[in-house]
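Please keep the sequence and the coordinates at hand while reading.

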Amino acid sequence: MECIIRTSVFTERKSLKDLTNKPKYLVTFTVGLSQMNNIDAAVTKFSEDFQILLFHYDGRTSEWDQFEWSKRAIHISVRKQTKWWYAKRFLHPDVVAAYDYIFIWDEDLGVEHFNAEKYIRLVKKHGLEISQPALEPNSGLTWQMTKRRDDREVHKSTDEKPGWCSNQRLPPCAAFVEIMAPVFSREAWRCVWHMIQNDLVHGWGLDFALRRCVEPAHEKIGVVDSQWIVHQFVPSLGNQGESENGKAPWEGVRERCTNEWAMFQDRLANADESYFVQHGKSRILHQTFQEILRILLSVSAIYHFGGAAKPFRKMAFQQLLEI
């Protein structure tokens with residue numbers, strides 16, 4: 001496996017202005033040459049406060065030099081890999097600690113209605129540690145949570161199909177963004193990076209687990225509606241695969257994604273069980289305890305405790321549910 005890293009950050013002679021103007025944010029795209037024009041359009045939405053980093057899955061880097069911004073970007077090339085593979089190996093939290101926010105984006109995003117500076121201001125205003133731009137409603141959505149609302153700046157919860165959410169404060173009804181265009185604060189990324197598995201390269205299931213990295217997750221994870229994007233559904237990753245057993249390349253990629261999701265869920269469940277055992281309680285006991293508290297919370301919302309005791313007890317139950 002060959003890895004090529006190109007950057008002019010340390011090799012070019014810098015002026016005093018260049019040395020004092022350090023980027024505050026990191027923006028990464030996992031790219032192939034076929035999406036060059038789309039990436040060029042996307043990069044124009046980011047000012048010099050944003051360091052651009054391109055992960056090249058097709059091994060072609062020199063062709064990007066036609067763009068002036070590319071000469072200031074960092075290029076990392078390892079063929080036929082995915083963005084979460086790159087993120088695990090090149091975006092260690094200590095390496096990217098200089099950046100306040102880290103964007104880990106796909107290459108097939110339309111950004112006509114997106115402004116990066118305004119996005120950062122909204123993320124800070126609403127206290128979002130993990131976020132994503134809203135998606136255009138007519139672009140084939142999987143989850144209602146990421147659908148753009150045209151009457152607000154940000155939303156943090158939604159209604160899903162019946163039976164999809166066991167708790168309105170849990171994914172996919174809240175505390176949820178997708179993995180195509182997430183944005184992480186420095187602190188959140190330190191946690192998320194450790195959840196990424198070395199061998200599970202597609203990141204499926206990670207979106208449902210992000211809530212483990214911030215508290216309270218239903219308040220600190222959200223979707224920015226007033227700065228939105230379009231998912232163009234370009235199957236570039238699938239085209240990098242190889243046909244096996246009569247299956248098209250994209251079918252093999254999709255099958256691996258599904259298998260990885262199941263493996264990731266199993267690993268999280270095993271980690272939870274180990275944690276509870278170490279702390280002297282089983283996962284079943286923990287789940288039973290939470291269910292009892294939910295019943296008590298429902299009763300407390302209906303039953304009149306009287307005076308100041310009612311809101312206090314309700315708040316106490318809600319805090320216990322987070323255990």
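## Disulfide pairing

When the bonded cysteines of the protein are numbered in sequence order, the pairing reads 1-2, 3-4, and the structure accordingly holds 2 disulfides, a disulfide being a pair of cysteine sulfur atoms within 2.5 Å. This is a predicted model, in which local features need a pLDDT of at least 70 and side-chain atom pairs count only at pLDDT 80 or more, while totals for chains, interfaces and linings use all residues. Residues are numbered from 1 along each chain as its sequence is written, and side-chain values use heavy atoms, with hydrogens and water left out.

## The link between Cys191 and Cys213

The other disulfide is formed by Cys191 and Cys213, whose sulfur atoms are 2.0 Å apart; with -70° about the S-S bond, this link is left-handed. Cys191 lies in helix H5 (residues 186–195) and Cys213 in the loop between helix H6 (206–209) and helix H7 (217–220), so the pair ties together parts that are 22 residues apart in sequence. Helices (H or I, at least four residues) and strands (E, at least two) are DSSP runs, numbered from the N terminus.

Cys191 is partly exposed, at a relative accessible area of 27%, whereas Cys213 is buried, at 13%. Cys257 is also buried, and its relative accessible area is 5%.

In helix H2 (residues 36–43), the buried residues are Met36, Asn38, Ile39, Ala42 and Val43. They cover an arc of only 160° around the axis, which puts them on the same side of H2; the arc is that of the directions from the helix axis to the C-beta atoms. The buried residues of H2 pack against strand E2 (25–31), strand E3 (50–56) and strand E6 (109–110), with contact taken as heavy atoms within 4.5 Å.

Gln35 is located in the loop between E2 and H2 and, at 10% relative accessibility, counts as buried. Leaving aside residues up to four places away in sequence, Gln35 touches Trp64, Glu107, Asp108, Gln232 and Val234.

## Helix H3

Helix H3 (residues 83–90) is mostly covered, with 6 of its 8 residues buried, namely Lys83, Trp84, Trp85, Tyr86, Ala87 and Lys88. The packing partners of these buried residues are E2, E3, strand E5 (101–105), strand E9 (183–185), H5 and H6.

The largest cavity has a volume of about 70 Å³; grid points are joined across faces, edges and corners, and the volume is the space filled by probe spheres set on the points.

Its lining, made up of residues with an atom within 4 Å of a point, consists of Trp84, Ile196, Gln197, Leu200, Gly203, Trp204, Leu206, Glu260 and Phe264. By class, the lining has 6 nonpolar, 2 polar and 1 charged residues, where Ala, Val, Leu, Ile, Met, Phe, Trp, Tyr, Cys and Pro count as nonpolar, Asp, Glu, Lys and Arg as charged, and the others, Gly among them, as polar.

Terms used:
Buried means under 20% relative accessible area, exposed over 50%, partly exposed in between (1.4 Å probe, protein chains only). On a 1 Å grid over the protein atoms alone, a cavity is a set of points where a 1.4 Å probe fits but cannot get out, and a pocket is an open set with protein on both sides within 12 Å along at least five of seven lines; lining residues have an atom within 4 Å of a point.
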